[in-house]
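Please open the model in your viewer and keep the selection panel at hand. The tour goes from the whole chain to individual side chains.

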Amino acid sequence: MKIVNTYEAKTHLSQLLDRAAAGEEIVIGKAGKPIARLVQYVEPVAPRTGGDWKGRVQIADDFDAPLPSDIQAAFDGKA
């Protein structure tokens with residue numbers, strides 16, 4: 001891991017930003033010790049909200065009822 005000192009970071013900030021935008025992680029340090037990371041910004045993903053399909057999908061009352069024997073046999077590889 002190469003550490004970029006603060007003076008170099010101030011001097012070459014535009015180039016460092018371009019490198020970070022390309023996916024590179026830049027470590028900025030002071031007196032040879034890491035103090036910060038410059039990384040590519042990733043837009044946060046909004047949490048999903050339910051209910052988009054409300055009223056558009058209907059599930060039959062017998063949805064989880066046992067299958068007819070001939071269809072079950074096909075699933076079991078017996079048909």
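Predicted model: local features only at pLDDT ≥ 70, side-chain atom pairs only at ≥ 80, totals over all residues.

Residues are numbered from 1 along each chain as its sequence is written, and side-chain values use heavy atoms, with hydrogens and water left out.

Colour next by secondary structure: from the N terminus on, the order of elements in the protein chain is β-α-α-β-β-α, helices (H or I, at least four residues) and strands (E, at least two) being DSSP runs numbered from the N terminus. The radius of gyration of the protein chain is 29 Å, well over the 12 Å from the globule rule for 79 residues, so the chain is more spread out than a compact globule; the radius is taken over C-alpha atoms, and the rule is 2.2 Å times the number of residues to the power 0.38. The C-alpha trace spans about 75 × 35 × 20 Å along its principal axes.

Now select Phe63, in the loop between β3 (33–38) and α3 (69–75); Phe63 is exposed, with a relative accessible area of 66%.

Finally, show Trp53 and Arg56: Arg56 lies over the face of Trp53, at 4.4 Å from the ring centre, the criterion being NZ of Lys or CZ of Arg within 6 Å of the ring centre and within 35 degrees of the ring normal.

Key:
Buried < 20%, exposed > 50% of the residue type's maximum accessible area, 1.4 Å probe, protein only.
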